[in-house]
Amino acid sequence: MAGMLYLVPTPIGNLGDISKRARETLENADFIAAEDTRVTLKLLNHLELKKPLVSYYEHNKSFKGEKILDRILAGETCALVSDAGSPAISDPGEDLVKQCAAAGIPVCAIPGPCAAITALSISGQATGRFCFEGFLSTAKKSRREHLDSLKNETRTMIFYEAPHKLLNTLTDLSETFGSQRPISLCRELTKLHEEVIRTTLGEALERYTQAPPKGEFVLIVAGAPEKTKAAPTADDAAARVSQLMGQGLSRKDAVKQTAAELGLPKNAVYSAALEEE
Ligand code: SAM
């Protein structure tokens, strides 16, 4: 019988954020697949756990993924962790989950720390609808294509960024969305120097040009304002009435339906239709 793959989130800065269930899962797993075994060893030492570790990271994932799969198929349980936060979210793991799903191996995700969601919730930006954009590419062309595809995005956007690339990214974001677009820069979340700067792209650029950014950042950028639909005109109302009458509705029913669809008073629609005749 096949074992199981567990996705175990780890703290993004505050060791107190490891959950009871995450700890138990690490303790009960047969082995742990880790992005950087040295980083995970520190966490295991803190938790006073000893477990066999294998490395699973971006550049060995296709080769190591097969080996991990074989062990799980032979009945072992594997806990996958990344350096910090939720595995498989801009972290190795996505492919391993796909491989397990394809092989019919059960995968269980333990909920826990995730920089994107922590930042979004503290950002002060709209949280009802959002999209996760991860890291922008370092290649100029795909970076440009990525940003161009977001020009009309109305949902709140979440980006991950490394401090040494932040100025470039703020420049590109400002060129794409305009310097007045609101942004929340969420820095060093859950750590001693946690900071949230709620400002505009233009002001953020100015600020970090003067004082180079330090620490880890999540950028929460407001979406484009929803385009307000132009109010329906008398001509729109008359055209709709005539279209509905052409489909066989009586004038009375066509006026009633048009008024409801366009949010106009029935007598205004009626007069518009008469004038058009
Ligand atoms: N899978 C992880 C997660 O979901 O939390 C994210 C891993 S990704 C390789 C690392 C990026 O997450 C960093 O470059 C930064 O953008 C963000 N990040 C991680 N920890 C953070 C923290 N404490 N404060 C702010 N951003 C953080």
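The shell around the ligand is made up of 11 nonpolar, 3 polar and 5 charged residues. The structure is a predicted model.

**Domain layout**

- The protein is split into three parts: domain 1 covers 4–113, domain 2 covers 116–221, and domain 3 covers 234–276.
- A distance of 62 Å separates the C-alpha centres of domain 1 and domain 3.

**Residues around the ligand**

- The ligand is surrounded by 19 residues, of which Ser-86, Ile-89, Asp-91, Ala-115 and Phe-217 are the closest.
- At least two residues of the shell come from strand S7 (156–161), and at least two come from strand S10 (217–221).

**Polar contacts and burial**

- Glu-161 places a backbone N or O atom 3.2 Å from an oxygen atom of the ligand.
- Leu-189 also takes part through its backbone, with an N or O atom 2.9 Å from a nitrogen atom of the ligand.
- Glu-216 takes part through its side chain, a polar atom of which lies 3.4 Å from a nitrogen atom of the ligand.
- The ligand taken alone exposes 580 Å², and the protein buries 91% of that area.

**Points to locate in the structure**

- Which residue brings a polar side-chain atom to 3.4 Å from a nitrogen atom of the ligand? That residue is Glu-216.

Definitions and conventions: Residues numbered from 1 in each chain as written. Predicted model: local features only at pLDDT ≥ 70, side-chain atom pairs only at ≥ 80, totals over all residues. Heavy atoms only, no water. Domains from an automatic or database assignment. Near = heavy atom within 4 Å. Polar contact = N/O pair within 3.5 Å; in protein donor to acceptor, adjacent residues only side chain to side chain. Areas by Shrake-Rupley, 256 points an atom, 1.4 Å probe, with all protein chains shown as cover. Helix = DSSP H or I, 4+ residues; strand = E, 2+ residues; numbered from the N terminus. Nonpolar A, V, L, I, M, F, W, Y, C, P; charged D, E, K, R; others polar.
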